[in-house]
Amino acid sequence: MLAFLTRRVLGMTIVLAVMSFVVFMLIGLMPGDPIDIMIASNPELTPADGERLKRLHGLDLPLWERYRNWLGVALSGDLGFSRTYNRPVLDILLPRLGNTVILLGLSSLAAIAIAIPLGVIAATRPQSPVDGAINLFCFAGISVPPFWLALIFILLFAVTLGWLPAGGMGAPDACLFARLEFLVLPVATLTIASLAGYTRFARSAMIEVLRQDYIRTARAKGLGPARTVFGHGLRNAMLPLTTIIALDFGSLFSGALITETMFGYLGMGKLIYDSILGNDFNLALVGLLLATLVVLIGNFLADIAYAVLDPRISFRALEAA
Amino acid sequence: MSSIAPLTGAAQSEPPLFWLRLRRSRAALVSAVILIIITSLALLAPVIEFLLGVDATRVDLFNQYAAPDSTHWLGTDEAGRDVFVRLLYGGRISLLVGLVAALGAAVIGTTIGLFAGYHGGWLDTVLMRTTDGVIALPLLPLLIVLAAIDLSKLGIPEAIANSEMASLYRIVFIIAIVGWTTVARLVRAATLSVRTREFVRAAEAMGTSSAKIMLRHILPNVVSPIIVATTLSIGVVILLESVLSFLGLGIQPPIPSWGNMLTNAQELATRAPALAIWPGTVIFVTVMAFNFLGDGLQDALDPRSVRR
């Protein structure tokens, strides 16, 4: 168990280190130098001041030395300031992270809650019209551009029918319940985006499991179809599903970026997008690393869930894998 | 002669079997027809433009948001340009990006998969751990960073970095360098099983170089998963291109693409909902067709796959 944890934490650290290096280098290649922007927006500053400021902040050094300096300061716990908000980056990121976790959590739960019954229905009736309809729905779900789906939802439910707000968050101090109407369309968009993939995997995992000997045994001993499918089938089919859902966290976050941007939902994805476009490099860098960390932790938790769900898998087996 | 006949017979029976299997999948066939129609319309865009007597680039502020009529089949957009012909020109770009970026990703993925699967050992571990890492990353924010970097700071000549086509080259490149993971995994898995076959062992025993074994003996036997994964990834690439262009980071106007035709659609949603509906529908239909085609190809190419 301890060896497994050590290995995973080490692996996550490596991914984060590589990611921070790559993103730092890429951000060094972005147009618009923060000091140049500062000079352009302040007539009191001369180009000579700019040079001095760049030296002061170490911006005249080669990129890799700047990375080393940044890493040293970051590891001591100082992640720096946001240029546009003029506040420590974590003060801005953490509330946004909370909003994103609400969005991701609700839509993951909804997607799983719909995908599993759909997958079971399709798997127990292969080649039937119902199976065909679910299959068609899945293909539509993986083929629809998520931002366009959001656009259609806004057109339909906000502009035409006027049932729900087209975007925004509601009053900042309102409780979650008061914000619910602002969550419906973003959660629905994100749910549909991941639902189709989950359903396809649920179906194929279930079909695989239903061909196993222990299902035949369960039927032979006179167990009813419901108990066979749910008690013996679904529990085993959940295992591959856990892996798929875990691997999907990264694309789920990408989906959150689109959804948040479309609905003006103040989450991390929108913040990262805005900070990249707004030349707020430090915020973008830390935001991307935080997003990566969240995704990695999601993967990690799914691995643990896998071991807990499957008594055949021990942590020792995970270590060897 | 008689000993050769059954061999050629077997070889000749392969394509018909493949077509037979593909024809069984109605969805794949319908998709293929739809894709052929969309591609030919896009290729014929200048001809259609001429026949309709419209100019897709001409801004006509006296004719904004025109309703569909016999000249402007789908009406005009916020700048008075013909929506239908712009969709066709946008299709050229979106399909081109989809095809080229998917092929680029397939080349990268095949190379990585072949090396990992054939050499095994630490190389396999490093390559596959990297692949897993890339799969787990939140790719869209990373793509946005890649799409936002200043090409001239990379040492690319200003003339190319600031040219109209730069956004096209860039998007093909950045999608290819993040999109290779599926192909790499499939090719590695197929390579692992081909590697142990007798003809590979024989080639190794004859002292054939590993590069030649990978190219001449393994690659031809792992073509099926490559074709399937590439077909499926064309759809994914078109989706990625559309979202990046929509966010203003992909194909840059005045070049039309299905994604950047939607850039203004959100602000115009109340005024002209049709402008939001058409490009999105075309993306949706095209991507779905590529997905159905890929699925059908998978069933047709993989003799072990049973239609379940």
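Chain B puts 36 residues in contact with 36 residues of chain A, where contact means that two C-beta atoms, placed from the backbone, lie within 7 Å. This is a predicted model, in which local features need pLDDT of at least 70, side-chain atom pairs count only at pLDDT 80 or more, and totals for chains, interfaces and linings use all residues. Residues are numbered from 1 along each chain as its sequence is written, while chains are lettered from A and ligands numbered from 1 in the order in which they are written.

On the chain B side, these helices each supply at least two of the residues that touch chain A:

| Helix of chain B | Residues |
|---|---|
| H5(B) | 121–136 |
| H6(B) | 139–148 |
| H12(B) | 223–246 |
| H13(B) | 273–301 |

Helices here are DSSP runs (H or I, at least four residues) and strands are E runs of at least two, numbered from the N terminus. H13(B) gives the largest share of that side, nine residues. By class, the side has 26 nonpolar residues, seven polar and three charged. Nonpolar covers Ala, Val, Leu, Ile, Met, Phe, Trp, Tyr, Cys and Pro; charged covers Asp, Glu, Lys and Arg; the others, Gly among them, are polar.

Now for chain A itself. It has 14 helices and zero strands, and its C-alpha atoms fill a box of roughly 85 × 55 × 35 Å along the principal axes.

Gly162(A) sits in the loop between H7 (146–160) and H8 (180–210) of chain A. Gly162(A) is exposed because it has 9 other C-beta atoms within 10 Å.

Terms used. A residue is buried if 20 or more other C-beta atoms lie within 10 Å of its own, exposed if 12 or fewer, and partly exposed in between; C-beta atoms are placed from the backbone.
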